[in-house]
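Colleague: I have the model open and a list of points to go through. Shall we take them one by one?

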Amino acid sequence: MSQRHTLLPTDTEVELPDGVRLHAEVGGDPDAPLTVVLLHGWTLDVRCWHRVLAEMGETEARIVAYDARGHGLSDATPLDCATLGQLGDDLRTVLDELAPTGRVILAGHSMGGMTIMEYAHRHPEHFASRIAGLVLVSTSAEGTSRTHYGLPSPLATLFRLAETTGAGVLARCGTWRPHRAVLPVLGPAIRWLLYGDRCAGSDLRLTLSSVGRCSLRAIGGFRTSIGTQQRLDTLSTLGDVPAAVLAGDDDRLTPPACAEAIADALPGTELTLCPGGGHMLMLERPAEVAGALAAVTHRAAGSTPLRAPGRRRTRRTTRPDAARAA
């Protein structure tokens, strides 16, 4: 896979106040009334959205995607800036630079969703003035408190200890990136941890390539902030902003309970659970993610979304106990 891979037609950069430069890609009509901003997850990059964009096809919205600091083709980050709070501030800068006018739909996967919540928490007035809709994919507003890796409790405790200890070591490794020879060895573990019942070989290779672009400092440094974030209270203050939350019911990192808690806290949310889906729904279930984006975009624009003919319906659900009571 080549080092440069253009997801959208135009490559650009955003220089942040601390001098870190972010790689960004932009497509669509610059005068469109709505801009969709795509935020990737921890150790990934903009390329993880390629299947969703293919499903979306032609859209009237402008599209912006960017690599977070320390990820993809963006600059490395100082260790003390490897926090979700910093990513929330970075998002505000990206919006001011690349989408300075018009309303915005934010779509975030995993760490990207947490970045959106941090932006809403740290910049509430800016959020209220700019954001017209949210799509939160395989993410959590409660850190890793619900993460058990699909393991029995004693094994999950040991796994968490090993993960956090390893992250601390990696955080001190500077701007080095995982050696190319190591990536194939990680394949089976990445497949087990991130994917559900579907994992195309090309998707796994893309995931490993993204990990290979991420600095060891970023891989280890962001772990503490991701593990401790608590933003359900922030979500409950956002009002009736159109929103969609998606989760895979086989997600080992952000299980359905994470999505259910977000949907309970955030009014106006449509919750979709994808049977057999893992953590990488943009690659595993791109039609469902694209459909959620289209629905939120239409709701934000004040129109009724139309379901594309032949597209498999996602399973929208409320809390499981409510479904049983019905």
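Colleague: Which residues does Ala-24 touch, not counting residues up to four places away in sequence?

Modeller: Keep in mind that this is a predicted model. Ala-24 is found in strand S2, residues 21–27. Leaving out residues up to four places away in sequence, Ala-24 touches Thr-10, Asp-11, Thr-12, Ala-65, Tyr-66 and Leu-98.

Colleague: Is Ala-24 buried or exposed?

Modeller: The cut-off for buried is under 20% relative accessible area. Ala-24 has 0% relative accessibility, so Ala-24 counts as buried.

Colleague: What separates the C-alpha atoms of Ala-24 and Leu-73?

Modeller: Along the chain, Ala-24 and Leu-73 are 49 residues apart.

Colleague: How confident is the predictor, by average pLDDT of the protein chain?

Modeller: Of the residues, 91% score at least 70. Over residues 303–315, however, pLDDT stays under 50. The protein chain averages a pLDDT of 89.

Colleague: How many contacts beyond four places in sequence does the model have for residues 317–326?

Modeller: Take residues 303–315 as a reference: the model has 18 contacts beyond four places in sequence there. Over residues 317–326, pLDDT also stays under 50. For residues 317–326 the number of such contacts is five.

Colleague: How are H2 and H3 oriented to each other?

Modeller: Helix H2 covers residues 84–98 and helix H3 residues 111–122. Their axes are 7 Å apart, at an angle of about 80 degrees. Angles of 65 to 115 degrees count as roughly perpendicular. H2 is therefore, relative to H3, roughly perpendicular.

Colleague: How do the residues of the contact of H2 with H3 divide by class?

Modeller: From H2 come Leu-84, Gly-85, Leu-87, Gly-88, Asp-89, Leu-91, Arg-92 and Leu-95. They meet Met-111, Met-114, Thr-115, Ile-116, Glu-118, Tyr-119 and Arg-122 in H3. The contact of H2 with H3 divides into eight nonpolar, three polar and four charged residues.

Colleague: With which residues is Ile-131 in contact, leaving aside its neighbours within four places in sequence?

Modeller: Ile-131 lies in strand S6. At 4% relative accessibility, Ile-131 counts as buried. With those neighbours set aside, the contacts of Ile-131 are Leu-95, Arg-103, Val-104, Leu-106, Tyr-119 and Val-241.

Colleague: How far apart in space are Ile-131 and Glu-260, C-alpha to C-alpha?

Modeller: In sequence, Ile-131 and Glu-260 are 129 residues apart. C-alpha to C-alpha, the two are apart in space by 22 Å.

Colleague: Where is Ser-138 found?

Modeller: Phi of Ser-138 is near 50 degrees, a positive value in a residue other than glycine. Ser-138 is buried, with a relative accessible area of 1%. Ser-138 sits in the loop between strand S6 (131–137) and helix H5 (153–171).

Colleague: And what is phi of Thr-43 near?

Modeller: Thr-43 is found in the loop between strand S3 (34–39) and helix H1 (50–56). Thr-43 counts as buried at 14% relative accessibility. Its phi is positive in a residue other than glycine, near 70 degrees.

Colleague: How are H5 and H8 oriented to each other?

Modeller: The axes of H5 and helix H8 (residues 216–228) come within 7 Å. They cross at roughly 130 degrees. H5 and H8 are therefore oblique.

Colleague: Which residues of H8 make the contact with H5?

Modeller: H5 passes H8 in a left-handed crossing. H5 supplies Arg-160, Glu-163, Thr-164, Ala-167, Leu-170 and Ala-171. By class, the contact of H5 with H8 has five nonpolar, three polar and four charged residues. The residues from H8 are Leu-216, Arg-217, Ile-219, Gly-220, Gly-221 and Arg-223.

Colleague: What separates the C-alpha atoms of Gly-221 and Ala-167?

Modeller: Gly-221 is found in helix H8 and counts as buried at 14% relative accessibility. Leaving aside neighbours within four places in sequence, Gly-221 is in contact with Leu-79, Ala-82 and Ala-171. Gly-221 and Ala-167 are 54 residues apart along the chain, and their C-alpha atoms are separated by 6.8 Å.

Colleague: Last pair: in what crossing does H6 pass H7?

Modeller: Helix H6 (residues 183–194) and helix H7 (residues 201–213) pack at an angle of about 115 degrees, with their axes 10 Å apart. H6 and H7 are therefore roughly perpendicular to each other. The crossing of H6 past H7 is right-handed.

Definitions and conventions:
Residues are numbered from 1 along each chain as its sequence is written. This is a predicted model: local features need pLDDT of at least 70, side-chain atom pairs count only at pLDDT 80 or more; totals for chains, interfaces and linings use all residues. Side-chain values use heavy atoms; hydrogens and water are left out. Helices (H or I, at least four residues) and strands (E, at least two) are DSSP runs, numbered from the N terminus. Buried means under 20% relative accessible area, exposed over 50%, partly exposed in between (1.4 Å probe, protein chains only). Axes are lines fitted to C-alpha atoms, for helices over the stretch in contact, and angles run from 0 to 180 degrees between N-to-C directions. Angles under 35 degrees count as roughly parallel, over 145 as roughly antiparallel, 65 to 115 as roughly perpendicular and the rest as oblique. Contact means heavy atoms within 4.5 Å. Ala, Val, Leu, Ile, Met, Phe, Trp, Tyr, Cys and Pro count as nonpolar, Asp, Glu, Lys and Arg as charged, and the others, Gly among them, as polar. pLDDT is the predictor's confidence in each residue, from 0 to 100. A crossing is left-handed if the near helix is turned anticlockwise from the far one by less than a right angle, and right-handed if clockwise.
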